[in-house]
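Colleague: I am new to this structure. Could you walk me through the rings and the nonpolar cores?

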Amino acid sequence: MELRTINVIRYITPLREGGSLPALAEGDDDFKYVVKFRGAGHGTRALIAELIGGEIARALQLRVPEIVFLHLDEAFGRTEGDEEIQDLLQASQGLNLGLHYLSGALTFEPSVYPISEELASRIVWLDAYLTNPDRTVKNTNMLLWNKGLWLIDHGACLYFHFTWNDTEQKALNPFPLIKEHVLLPKAGQLPEADRYSKSVLTEEKIREIVELIPDDWLNWADNQTPEEMKDIYFNFLTERLAYSELFVKEALNAKEILI
């Protein structure tokens, strides 16, 4: 697997809906991207979660905007008038992450847009697997674009890496927050979604996705090399997959309570 690397040539506007202050920017390929900055609050860990979460979703045949690496030159942003944004840009020199901008996309409203049990179940399974707390009624983090449902904003996934300890035990977390998932009421095929996902996410596929993480983003753990840190991500994801019945059961139980 390989992601494209694009140079950012124009900062267009901040997207203040997100707490990490992402932005809309133009790349040197003439396309627009939503930029997630390494200099934002959670640093490169949020970029890693966005990368892994998005590419696992793509592997499962769910729609995700193209993910690219975005390079910011040290001179970029010097003319920005907003001091907060200028500080963010200066702190984000080097390799950042971007998602192709879905121009004209609409926010997904579950009461308006019909969604099948199969698709709802696959998305709920994905978010339980990734420990993603950010697909709720308050903020669905899904868009409607070109007559399809697209998943965005996976930066809060894999929150085990914010503490970076007891990772083997945390891989077995049943993820009680799945009860807040906006699609849980429609997820009537969770066992089927589990079988499908486990057939697709082989160890080779997970390793390919983890190896996409730039070494430059793995500089926040003391006394561990980037390769050792990638192994921790790989082990977390494979162990969680092996014991998926734990989070599937949690989701099924939460769905029963809703009914």
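**Rings and cores**

Modeller: Start with a charge over a ring: Arg 45 lies over the face of Trp 220, 4.2 Å from the ring centre. Such a charge is NZ of Lys or CZ of Arg within 6 Å of the ring centre and within 35 degrees of the ring normal. This is a predicted model, where local features need pLDDT of at least 70, side-chain atom pairs count only at pLDDT 80 or more, and totals for chains, interfaces and linings use all residues. Residues are numbered from 1 along each chain as its sequence is written, and side-chain values use heavy atoms, leaving out hydrogens and water.

Colleague: The charged end of which residue sits over the ring of Phe 234?

Modeller: Look 4.1 Å from the centre of the Phe 234 ring. The charged end there belongs to Arg 207.

Colleague: How many aromatic pairs are there?

Modeller: Rings of Phe, Tyr and Trp (its six-membered ring) pair if their centres lie within 6.5 Å; planes under 30 degrees apart count as stacked, over 60 as edge-to-face and the rest as tilted. By this rule, the count of aromatic pairs is 12.

Colleague: What kind of pair do Trp 125 and Phe 247 form?

Modeller: Their centres are 5.5 Å apart. The angle between the planes is 65°, and the pair is edge-to-face.

Colleague: Why does that pair tie together parts 122 residues apart in sequence?

Modeller: Helices are DSSP runs (H or I, at least four residues), numbered from the N terminus. The pair ties these parts together because Trp 125 lies in helix α3 (residues 117-129) and Phe 247 in helix α8 (residues 244-258).

Colleague: Is Phe 247 buried or exposed?

Modeller: Buried means under 20% relative accessible area, exposed over 50%, partly exposed in between (1.4 Å probe, protein chains only). Phe 247 has 2% relative accessibility, so Phe 247 counts as buried.

Colleague: Which residues touch the most other members of the largest nonpolar core?

Modeller: A nonpolar core is a set of buried Ala, Val, Leu, Ile, Met, Phe, Trp, Tyr and Cys residues joined through side-chain atoms within 4.5 Å. The largest one has 64 residues. Those touching the most other members are Ile 56, Tyr 129, Tyr 233 and Leu 237.

Colleague: Which helix gives the most to this core?

Modeller: The helix in question spans residues 43-59. With 8 residues given to the core, the answer is helix α1.

Methods
Helix = DSSP H or I, 4+ residues; strand = E, 2+ residues; numbered from the N terminus.
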